[in-house]
Each structure stands twice: as C-alpha cells, then as structure tokens.
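Please read these notes with the structure open beside you. The points go from the ligand site to the sheet and then to the backbone.

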Amino acid sequence: MLSPREGVRTLPSYHPPLAGRDGLRLDFNENTVGCSPRVLGCLQRLSADQLARYPEREPVEAVVADFLGVAASELLLTNGVDEAIHLLCQTYLESGDEALIVVPTYSMYRIYMMAAGAQVISEPAGEDFRFPVEELCRRITQRTRLIAIANPNNPTGTIAPPAALLRIARSAPTAAVLVDEAYFEFYGQTLLARRGEFPNLFVARTFSKVYGMAGLRIGALVGDPDQMRALRRVSSPYNVNAVALACLPEALADQTYIQQYVSEVRESRGRLERSLESAGIQFWPSNANFVLARVGAATSFVECMRRRGILVRDRSGDHGCQGCVRITLGPRAHADRLLAALQETCDELAIAQGAPQP
Ligand SMILES: Cc1ncc(COP(=O)(O)O)c(C=O)c1O
C-alpha cells in the first residue's frame, strides 16, 4: 500500500483558522488596510499577454536586490517566506539531521523541518520569552544542519540581540542559520549588513505583512551566492507568479505608504500596550505589528471580540502562552475600534483591573 514518508506520516496538520474571517482582521498580522494604491493600479493594468507567459523572476530580483543593497546573486524571490523555509529544509536537511528552533515561534519551521525527516530540537525561550542564546548554543551538535529564528519573533513580538544571532551563526558553521525578518519594518534592525561574514547565514523578508500583499505570496531570501545557487537548483524556476512579480516593484517604489503605515502601527501598539497595562493584563512589549497578551480565558476572549466585529488569534496552545491571545495592530481608526471592543470585552468577562493573572 502507498504510504507517505515517515516524516510526513508523523506530521501534525496545521489548519490556520482562515474560514469566515469577517470583521476587522487582527488575527494574522496582515496589513489591516491593504497594499499601496500603486499596487492596485498595477493589477488593473495587467494584460492577458503577461498572464500567458511563464513568469520571469530575474528582472524583479534585480530590483529587490537593489532595494535591499545586496547583489542579485545573493537573493532569491520566493513564494512567501514559507517557501524560503521549505527550500532551506529541502536543501540542507537529510533524514535524521537535527534542526533547532526556539519555542514559541512561527509554526511552519517545525512543519517543514519534520517533513524533511529532521529531528526538531525545541529550546524553550527564557523568562518573559528572553532569547535563550546560551542554551541554544549548547544544543548545537555535529548533526545540527538548520537553525531557524524569527526576529522579531511571532507570536511574542520579542527580539534576539544581533550579537546573539551572530554568535549562533559562528557556533554552527555547518548549519544553515535562518534569521526570519518578516516583521523587520516594525522593528528597524537587520542582520543583512553582516551577511558577508557568515556564509551560513540567511535573512528572509516578506511582502505579506507591512506591504499588504499576503494574498500574492511573495518574499525574499538573502544568503551567500554559493548557497543561493544550491537553493535555486531546488526551487521551481516559476515559484513566484507573474502577478506578484509585476506588483512588487510598484510596492517597493511607494515607501511613503510603508513608512506612514509603520508609524501609525507603532503608535497603535503603544496605545494597546498602555491599555493592557492599565487593565492589569500581562503582555510582552512588542517590536512587531502585534502584541501577545495573557487574558486568561482566551477562547471566550476571542469569541467576545468576534461578536464585536474584531478577530484576534488564540495562541494559548503555544509553548508558554497559556491564556494568551495575539492582537495585530493597524492604523489609528482600527486601534480606536480595537480599544473600544477590548474595554467592553474586559467588562463582559470581568477581566479584572489589576487582578493577578492565572
Ligand atoms: C515569522 C514569520 N515568518 C514567516 C511568515 C510567513 O510569511 P509569508 O506570508 O511570506 O509566507 C510569518 C507569517 O505569519 C511569520 O510570522
């Protein structure tokens, strides 16, 4: 009888709750207002001829490389960062190899690592989700072939200091070290400038978050040119679709839009954090476009918010996140709606002002 590989048979299924997402979507860390009008203009101008051809990635790779200040040979456009993670697993992991993550973190690392047959080693974050650099270094062995770190991390919004990330890259020269900068724009620090020192270091960026193009599926992976050659061999030459390729240069050209959005989200993040603080709800100061908060009864909280037209994400199943929800921030008007619903929900569920958290 036909049977999937061992790594696939034991894979937990991951079903993000995408169905019926009506209301203000603060549950997937997307841009809550959408992409730049320049991207919409580009979509309207697309011709049948553009869609009839197989997509050509290289000219847009040159544009993105220029934007990021790297050489085109160092960059691969991917079908979202998800595909970049998948390609890294396919390129570096043999069955039985070890792959390292810090938990809680983005779910797809574990899934792609397991699918490749790797043994996933999960190092728990420290108190208040501190990045456990010492502990992670101690987990590196001769068999470690991939280490994936989201910075800022999802779902916590916390960061790993650059020195800690570089120490890991230095300590594991025969492992690929992915620093996933999906939320870079809300944080502002990158390891891109250090890439030349570490041939095993990869930096990923996405256009799903601040750029508002999650539906187009496009991201970028940067690394050493020799390593990128290997990844290109694994990748489909048509991995990124023509629509996404046409839109990306327009999106990059409208940095005013991006900067305005980032500054409003940062302001909203401050407002939410202050509201949580005055409501006595534990949260972790965030460097991304979302905040993780320990509300206690997460399922009821999500349901109460949904009734008020606001979707937030229950993260209580993640390591160390019992009773936690993750709330995405948008610009001012969306923060106004969020904070009003938050106040009502706290009143309804008697999430006590200043009460000790479970
Ligand atoms: C840390 C992190 N990396 C990657 C992704 C997925 O990015 P993409 O839409 O580019 O596949 C997410 C989405 O939530 C994320 O949080």
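**Notes on the predicted model**

1. The ligand sits in the largest pocket. Keep in mind that this is a predicted model, and that the values below are computed from it.

2. Which residues come nearest to the ligand? There are 14 residues around the ligand, and the nearest are Val81, Asp180, Tyr183, Thr206 and Ser208. Sorted by class, this shell holds six nonpolar residues, four polar ones and four charged ones. Helix 5, which covers residues 80-92, gives the most to the shell, namely three residues.

3. For Asn154, an N or O atom of the side chain is 2.7 Å from a ligand oxygen. For Lys209, a polar side-chain atom lies 2.8 Å from an oxygen of the ligand. For Asp82, the atom concerned is a backbone N or O, and it lies 3.0 Å from a ligand oxygen.

4. How much of the ligand does the protein bury? Taken alone, the ligand exposes 400 Å². The protein buries 93% of that area.

5. Four strands form an open sheet in the order 9-10-13-12, and the pairing is antiparallel. Strand 9 (282-283) and strand 12 (313-314) are at the edges with a single partner strand each, so one side of each has no neighbour in the sheet. As background, strands of a sheet pair through backbone hydrogen bonds, and the pairing can be parallel or antiparallel.

6. One pairing can be followed in detail. Strand 9 is joined to strand 10 (residues 290-294) by two bridges, and these two strands run antiparallel. Within this part of the sheet, Gln282 stands opposite Arg294 of strand 10.

7. Where are cis peptide bonds to be found? One joins Val103 and Pro104, with omega at about 5°. Pro104 belongs to the loop between strand 3 (98-103) and helix 6 (107-115). Another joins Asn151 and Pro152, with omega at about -5°. Pro152 is placed in the loop between strand 5 (144-150) and helix 8 (162-171).

8. Asn29 is found in the loop that lies between strand 1 (24-25) and helix 2 (37-45).

Key. Residues are numbered from 1 along each chain as its sequence is written. This is a predicted model: local features need pLDDT of at least 70, side-chain atom pairs count only at pLDDT 80 or more; totals for chains, interfaces and linings use all residues. Side-chain values use heavy atoms; hydrogens and water are left out. A residue is near a molecule or strand if one of its heavy atoms lies within 4 Å of it. A polar contact is a pair of N or O atoms within 3.5 Å; within protein, one must be able to donate a hydrogen and the other to accept it, and residues adjacent in sequence count only if both atoms are side-chain atoms. Accessible areas come from the Shrake-Rupley method with a 1.4 Å probe; for residues, only the protein chains shown count as cover. On a 1 Å grid over the protein atoms alone, a cavity is a set of points where a 1.4 Å probe fits but cannot get out, and a pocket is an open set with protein on both sides within 12 Å along at least five of seven lines; lining residues have an atom within 4 Å of a point. A molecule sits in a cavity or pocket if more than half of its atoms lie within 2 Å of its grid points. Ala, Val, Leu, Ile, Met, Phe, Trp, Tyr, Cys and Pro count as nonpolar, Asp, Glu, Lys and Arg as charged, and the others, Gly among them, as polar. Two strands pair if DSSP finds at least two bridges between them.
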